[in-house]
Amino acid sequence: MYDYDLLVVGSANADLVIGVERRPAAGETVLGGDLAVHPGGKGGNQAVAAARLGARTALLARVGDDAHGRLLLDAQRAAGVDTAGVLVGGAPTGVALITVDPSGDNSIVVSPGANARLTPADVRGAAGLLRASRVVSAQLEIPLETVEEVVRTLPDGGRFVLNPSPPRELPAEVLAACDPLIVNEHEARVLLGGEDVSGEPADWAPLLLARGPHSVVVTLGAAGALVCDSSGVTRVPSVRVDAVDTTGAGDAFTAALAWKLGAGAALPEAAAYAALVGAAAVTRRGAQESYPTAAEAEALGARGGDR
């Protein structure tokens, strides 16, 4: 019997968001709107997204002993996330600087802060949390060696989901544990590196699968997603919505997918639900505050998105 449907091991950041008419070019200064501070970080986002959908969720992360850290802890608890695994201290809380243009597209720069101090020893100290969790998800806003330790500490029968963001070369041990590896188009290109990458994402998924994961999901934004395993490649559509802010939508997708997989859904079914949750998230501003409840996601699906 598992105590948690999902354990998220990852980053927790304060998102400092400014709306701009257009994002600046190199060396250029542009004026923006008022600064807004939101709880974020890919790990924190995934935990809140899953909990809001109804998943029993825990978070293993590190924040600073500061106002941003308290903001993040309060947001997690308000969403129903178990924060027993959140460690405090060692460095200031991580911060993400985000600009959002009128189309909803964003650019992000992250200062890791305390996230960079989440260590393999912290993972070993939380082995009980891993054993108590049906699915474990991670990202790369924490040290890679910490993600490697997650893989080594994963109990027999545990399922590991990885969104390698920001993307970098991954060791074979981590790739072999992924079920699935979840990437967007940019991340897929980086991971494929020197291979001859065509312009068609449907060709990328099998190339990524050949690197060692049990399964692969390539997210395509408004176009949905591609899922790939030993049975082949399947395209999963999304619903059409008017995007307001894409910040954190990929994290909502990953959380929904991980939860549905842990509940026994097949990969295409889980990806279709995740695409729906991601679409709902982009209709509101911010990251965590944009995430839908299960009822809201189902209502959007019933309407078929914006018509």
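Val37 is partly exposed, with a relative accessible area of 41%; on this scale, buried means under 20%, exposed over 50%, and partly exposed in between (1.4 Å probe, protein chains only). The structure is a predicted model, in which local features need pLDDT of at least 70, side-chain atom pairs count only at pLDDT 80 or more, and totals for chains, interfaces and linings use all residues. Residues are numbered from 1 along each chain as its sequence is written, and side-chain values use heavy atoms, leaving out hydrogens and water.

Val37 belongs to strand β3 (residues 36–40); helices (H or I, at least four residues) and strands (E, at least two) are DSSP runs numbered from the N terminus. Together with Ile18 and Leu35, Val37 makes a nonpolar surface patch of about 240 Å². Such patches consist of residues with over 30% relative accessible area and no salt bridge, with nonpolar side chains (Val, Leu, Ile, Met, Phe, Trp, Tyr) joined within 5 Å and like charges within 9 Å. A salt bridge here is a side-chain nitrogen of Lys or Arg within 4 Å of a carboxyl oxygen of Asp or Glu, and accessible areas come from the Shrake-Rupley method with a 1.4 Å probe.

Turning to the sheet, nine strands form an open arrangement in the order β5-β4-β1-β8-β9-β10-β11-β12-β13, with mixed pairing; two strands pair if DSSP finds at least two bridges between them. β5 (86–88) and β13 (232–236) stand at the edges with a single partner strand each, so one side of each has no neighbour in the sheet. On average, neighbouring strands are turned by 20° against each other, direction ignored. Five bridges link β8 (residues 133–139) and β9 (residues 159–163) in the parallel sense, and Ala138 has Leu162 of β9 as its bridge partner.

Two helices meet these strands. Helix α1 (residues 42–53) packs on the sheet and touches β1 (4–9), β4 (57–63), β8 and β9, its direction making about 160° with that of β4. Contact means heavy atoms within 4.5 Å; axes are lines fitted to C-alpha atoms, for helices over the stretch in contact, and angles run from 0 to 180 degrees between N-to-C directions. Within α1 sits Gln46, which is buried at a relative accessible area of 0%. Beyond its neighbours within four places in sequence, Gln46 contacts Val8, Ser137, Gln139, Asp251, Thr254 and Ala255.

Helix α5 (residues 144–153) lies across β1, β8 and β9, at about 160° to β9. Eight of the 10 residues of α5 are buried, among them Leu144, Glu148 and Val151. Their cover includes β1, α3 (120–125), α4 (127–131), β8, β9 and α6 (172–177).
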